[in-house]
Amino acid sequence: LRVVTDVVCPFCGTLCDDIKVVLDGNRIVDTMNACIIGNEKFKSAQAGHRIMQPLEREDGTTEFTPVSYDYAIEKAAQILASAKRPLYYGWSSTSCEAQEIGNELAEVTGGVTDNTASVCHGPSILAIQTVGAPMCTLGEVKNRADLIIYWGCNPIHAHPRHMSRYTIYPRGFFTERGFDDRTLVVVDPRPTDTAKQADIYIQVEQGKDYELLDALRTVTRGEDIPDVVAGVKKEQIKELAEVAKSKKFGLLFFGMGVTQTTGKHRNIDMAISWTQDMNKYTKFNLIPMRGHYNVTGSGQVMSWQSGFPFAMDFSRGYPRYNPGETAANDILLRHECDAALIIASDPGAHFPVEAMKYYAQIPTIAIDPHYTPTTGISKLVIPSSIIGVEEEGTAYRMDNVPIRCRKVVDAPKGILSDEEILRRILNRVKELKGIP
Ligand code: SF4
């Protein structure tokens with residue numbers, strides 16, 4: 001047996017970089033330090049639902065025929081080069097290097113490219129673009145934060161090591177006693193497992209985050225509010241404001257319970273405004289709880305290349321961005337694309353049925369290591385290796401820190417990486433379109 005150390009877990013936005021992987025030859029037999037989800041991600045390299053060769057589905061059937069990589073890449077290039085407005089969606093579970101090639105592919109084909117932020121933290125991005133945001137790194141949180149607020153998120157289940165690595169339990173430079181030096185506040189309509197560990201739990205009424213944040217801003221400024229706001233008593237809102245003011249370094253982590261409920265980006269607008277207000281009294285920051293391990297990277301790479309972080313439309317020959325019009329769901333529901341390439345995500349499991357019904361009718365390509373609901377309704381399925389397990393690659397943690405993921409084992413014989421598949425499709429599309 002051999003142990004590979006300092007491995008990065010390519011599952012959630014926490015991007016834990018202290019994983020040890022136990023190998024027997026080229027086979028992963030165990031992991032150390034990873035949570036149960038991370039452990040499964042590494043084991044998925046050997047899972048039975050791995051796709052071992054490219055597949056093509058005949059129109060009108062549910063049967064797939066095995067094809068070669070050369071055939072699949074040629075077919076994918078033909079589909080994308082002949083489309084008027086192809087849709088490219090996903091990107092959150094692949095490397096920045098692959099994302100960069102994908103964005104170029106969208107540009108040369110006059111398509112729309114979008115990542116999973118459009119159905120998770122897109123509203124956070126819109127709010128940050130509107131009012132800015134005081135942010136910091138998870139390292140600063142570990143070493144300095146004495147108040148942690150989790151609002152509309154449940155890290156014990158979604159980011160299982162977030163609390164043990166960065167927020168509640170670790171000892172930091174200025175938080176030497178770890179857990180004993182920190183106060184945990186949870187705001188959520190449900191008494192989640194994270195809420196059960198909180199020093200202060202605030203049960204906000206479902207969909208009333210905006211009202212509660214507004215009331216919090218008001219009492220923070222010393223003004224009066226009604227006796228009950230969003231189902232929470234005035235005394236409890238005042239207590240939270242006073243506790244927050246009394247701390248040296250506060251952090252507001254927020255999840256999709258805030259971004260995808262009534263108010264959406266306006267909720268985050270208000271959360272950012274409260275955080276900014278709090279900096280008159282103490283040091284305060286906020287960080288979105290990003291889900292897929294490299295959804296943050298996709299926003300970064302799209303922004304470097306075109307100035308916009310998601311829902312980017314090249315159909316007029318220059319990048320445009322108008323979430324609500326140019327996000328993947330909008331495009332599919334209005335039947336505004338004539339081909340689609342899905343990579344590193346599974347909209348078949350998450351998008352509205354009407355959107356996926358249209359997806360199933362047009363020429364489509366899915367690039368994924370595993371069988372998913374999306375691959376099952378795609379016309380062409382191209383298997384790829386797993387970044388962070390079988391390939392190196394760069395990813396951005398939820399606090400916008402880039403981390404280099406390691407390769408631990410070889411991919412199954414003959415399986416190509418996302419980067420290579422996209423590069424070969426891009427080169428062939430350029431040939432077909434006469435682009436040097
Ligand atoms: Fe992987 Fe996230 Fe678990 Fe860390 S918390 S081991 S990154 S799934």
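How many aromatic pairs does the count come to? The count comes to eight aromatic pairs. The model is predicted. Two of these pairs share Tyr321 and are described here.

**The pairs at Tyr321**

A pair of aromatic rings is described by the distance of the centres and the angle of the planes. The table gives both values.

| Pair | Centre to centre | Between the planes | Arrangement |
|---|---|---|---|
| Phe308 and Tyr321 | 5.0 Å | 10° | stacked |
| Phe310 and Tyr321 | 5.5 Å | 85° | edge-to-face |

Phe308 and Tyr321 come from distant parts of the chain, 13 residues apart. Phe308 sits in the loop between helix 12 (295-306) and strand 15 (312-313). Tyr321 belongs to strand 16 (residues 320-321).

Phe310 also lies in the loop between helix 12 and strand 15. Its partner Tyr321 is in strand 16, so this pair ties together parts that are 11 residues apart in sequence.

Phe308, Phe310 and Tyr321 form one aromatic cluster.

**Burial in the cluster**

Is Tyr321 buried or exposed? Tyr321 counts as buried because its relative accessibility is 17%, and the cut-off for buried is under 20%. Phe310 is buried as well. Phe308 has a relative accessible area of 25%, so it is partly exposed.

**A charge over a ring**

Another contact involves Lys245 and Tyr281. What sits over the ring of Tyr281? The charged end of Lys245 does, 4.4 Å from the ring centre.

Technical notes. Residues numbered from 1 in each chain as written. Predicted model: local features only at pLDDT ≥ 70, side-chain atom pairs only at ≥ 80, totals over all residues. Heavy atoms only, no water. Phe/Tyr/Trp six-rings, centres within 6.5 Å; stacked < 30°, edge-to-face > 60°. Helix = DSSP H or I, 4+ residues; strand = E, 2+ residues; numbered from the N terminus. Buried < 20%, exposed > 50% of the residue type's maximum accessible area, 1.4 Å probe, protein only. Lys NZ or Arg CZ within 6 Å of the ring centre and 35° of its normal.
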